Amino acid sequence: MNPGSIVRCRNREWVLVPTETDDVLALRPLTGTTDEVVLIHHGLMNLVGYDLPFERVEPASFPLPEPEDVSDAASAHLLWQAARLTLREGATPFRSLGRISIRPRTYQFVPLLMALRLDPVRLFIADDVGVGKTIEALLIARELLDRGEIRRLCVLCPPYLCEQWAKELAEKFDLDPVVIRSGTVGQLERQTPIGKSIYEHFPVQVASIDFVKTDRNRHQFLQFCPELVIVDEAHGAADAQGRAQQERHALLREVAKKPDRHLILLTATPHSGIEDAFRSLLGLVRPEFAEWTVRDLDETQRIELARHFVQRTRADIEQHWEAASCFPRREPADETYELSGPYRQLFERTYDFCSEIVRTGQHLEERKRRVRYWGALALLRCVMSSPAAAIAALANREGSLLAEEEETEFRPFVFESADDRTDDESPTPPVEATAATLAEADRRRLRELARLAEELRGATHDTKLARATEVVQHLLAEGFHPILWCRYVATAEYVAAHLRAVLPAETQVVCVTGRLGLSGEEYGCVLDGLLDLLVRHGLLARLEPVDDHQLYQLDAACLRWCLGDGTPPPPDPLYSRRAGSPGYAAPSRAVNAFFQRFYEIDPASLAALEAREHTAQVVKPGERERRERRFRWEAQDQNKDAGVGRRLPYLVCSPTMELGVDIADLELVHLRNVPPTPANYAQ
């Protein structure tokens, strides 16, 4: 008998549900809920079964229907609806669907179906960005948990994705994860019983792969590694150049060594163009895959690889799986503007100047010719970015770079980098270097261009700024929170200052640049957000305010003391598991985040849905009679002086409620369970 089987014990039918040990059978009533599960010890059942045969758990069988069982259509419809309600807790093909708060799309079931055909589950999901790889992987995890095939799981991901994974697990899949990384491990160790590892104690883990891969943590993780490991951004763990990637790959190679461990790899970019790196990821799924050349696979190898690898683009899904578009649509729009007369004059004079210095520089040495070329490009970009960027580039500076003889790489000052972080400061080095090659008359022309740019500040002559302001105001009116991208810091500060002046006072405008220069108000917002984040993660404790000042206390257990050479010390078992002190919130019981959020959204709308129990368990003198009066709500009870309270619209009771009780005129009866006998139907 497998979990999900319908069995008979104690003269009634049950559903066999998974347990952590084979010595115990867990039985849920066929028409009951998970709260009514009964545990039966297998050995005791066999001993007692000789004298009490009905205590044995045996496969259930049901008699075939007879002609006299035929009833009217209304009764059949009622039975059908009741049966549908019980299916939520029943043994359906996918047992996880009753415990998730989302409705997966059809195409997201494909990896789940593939996983259920594999033992162990070794799957490489390489769907496109936004398709839902997180949902697909967690559907598999939830299904394996509900089937009893695994008891613990771990998500290995980059540290910046830990919070997102934890949120998905808690809110959509009704799991209670813990985040394991350098900032949380101290708090988790205090919650762990002495003698156990955090990787062994917590059943659902979201761990930073960069934290786990270190020599200090890798061995302990591998020793207590859960039965299922999900690896997000798996392309970062391919066997490639770079110490970080090699350490990640070495960790996953050890994880994959255990033949019965379930492993799911997730990435939207499985192939970086390096064949060996891609094969190293396939080798984690099955070792022989690492030896295959993908472009030379025969039909048998393709079929075998397809059992473990799935990759679909958005276009594939919309064409073959979904009748209507299921992905957000980008709405590109080009907002145009015309240069004002003064701004056009500045541009034309700058363009003529740049053309002239490039043309007259042809007789100079090669290095100086390149300097003028880069300087001309940088100057044109600044002038068309904003007057502020033009002024920053044209302003006269002392100690320019032109005194240096070695050649400077000016490309990063002009073009955006595809790999490294782009410098958002004004490109003064190429402009200064260009000025060093100019005659004094040309330098006076540069200063004249700077004076013209200064006169163009503001929306009167800067039509680009005026048009941007109109677009921002329109987006704000529609409820959006727009982001304006600027190439240079000077332009960003210039635009932010103008928006603060023209937008309503309650609209907060924040300028975020490479300088990280914040105003007093912006600094306060950032600091408050940072402190709240540290409190949520247990690094700080919020104390009682004193004289309108909010006080915080640092959790000393979160400090990491390192030896002189920087080597982290071994954990102190006494210090890291010390009891909480005043000022630290006591650990609370885990709650269901989905229902917690549900009741916080609009509790007022639920106020009229009061329900009270009406059974023999209500023993307080007069309470049942008072509830009956509230339920009937006759004229004499509607007076406040009657003392019965407000109307009670909903009673939760047993089928014997109407025996000797006046229930007045009912409008609706909700049967939670299928009535097991004809007598119950009559009631």
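**View 1. Ser654 is partly exposed, with a relative accessibility of 28%.** In this predicted model, Ser654 sits in the loop that runs between strand E16 (650-653) and helix H25 (678-682). Its C-alpha atom is 9.1 Å from that of Glu613, although the two residues are 41 residues apart along the chain.

**View 2. Arg612 and Glu610 form a salt bridge, with a distance of 2.9 Å from N to O.** Arg612 is partly exposed at 37% relative accessibility. Glu610 has 12% relative accessibility and counts as buried, because the cut-off for that class is under 20% relative accessible area. The whole structure contains 32 salt bridges.

**View 3. A salt bridge connects Glu335 and Arg467, whose closest N and O atoms are 2.4 Å apart.** This pair links distant parts of the chain, the two residues being 132 residues apart. Glu335 belongs to the loop between helix H13 (314-320) and helix H14 (341-360), while Arg467 belongs to helix H20 (residues 463-477). Glu335 is partly exposed, at a relative accessible area of 44%. Arg467 is also partly exposed, at 26% relative accessibility.

**View 4. Helices H4 (residues 133-146) and H5 (residues 162-173) pack at an angle of about 60°.** Their axes are 11 Å apart. The two helices, H4 and H5, are therefore oblique to each other, and their crossing is right-handed.

**View 5. Glu143 and Arg147 meet in a salt bridge.** The closest N and O atoms of this pair are 2.7 Å apart. Glu143 has 0% relative accessibility and so counts as buried.

**View 6. Helix H16 (residues 387-394) is largely enclosed by the rest of the structure, because eight of its eight residues are buried.** The buried residues are Pro387, Ala388, Ala389, Ala390, Ile391, Ala392, Ala393 and Leu394.

**View 7. Leu44, Leu47, Val48, Leu52 and Phe54 make a nonpolar surface patch of about 450 Å².** Val48, one of these residues, is part of helix H1 (residues 42-48). Its relative accessibility is 36%, so Val48 counts as partly exposed.

**View 8. The peptide bond between Asp119 and Pro120 is cis.** Omega for this bond is about 0°. Pro120 is placed in the loop between helix H3 (110-116) and strand E6 (122-125).

**View 9. Arg10 has a positive phi, near 55°, and is a residue other than glycine.** Arg10 is located in the loop between strand E1 (6-9) and strand E2 (12-17). With a relative accessible area of 38%, Arg10 is partly exposed.

**View 10. Glu233, a residue other than glycine, has a positive phi near 50°.** The loop between strand E10 (228-231) and helix H10 (243-257) holds Glu233. Glu233 counts as partly exposed, with 29% relative accessibility.

How values were computed: Residues numbered from 1 in each chain as written. Predicted model: local features only at pLDDT ≥ 70, side-chain atom pairs only at ≥ 80, totals over all residues. Heavy atoms only, no water. Patch = residues over 30% accessible without salt bridge, like charges linked within 9 Å, V, L, I, M, F, W, Y side chains within 5 Å. Areas by Shrake-Rupley, 256 points an atom, 1.4 Å probe, with all protein chains shown as cover. Salt bridge = Lys/Arg side-chain N within 4 Å of Asp/Glu carboxyl O. Helix = DSSP H or I, 4+ residues; strand = E, 2+ residues; numbered from the N terminus. Buried < 20%, exposed > 50% of the residue type's maximum accessible area, 1.4 Å probe, protein only. Axes fitted to C-alpha atoms, helices over the stretch in contact; angles between N-to-C directions. Parallel < 35°, antiparallel > 145°, perpendicular 65-115°, else oblique. Left-handed = near helix turned anticlockwise from the far one by under 90°.
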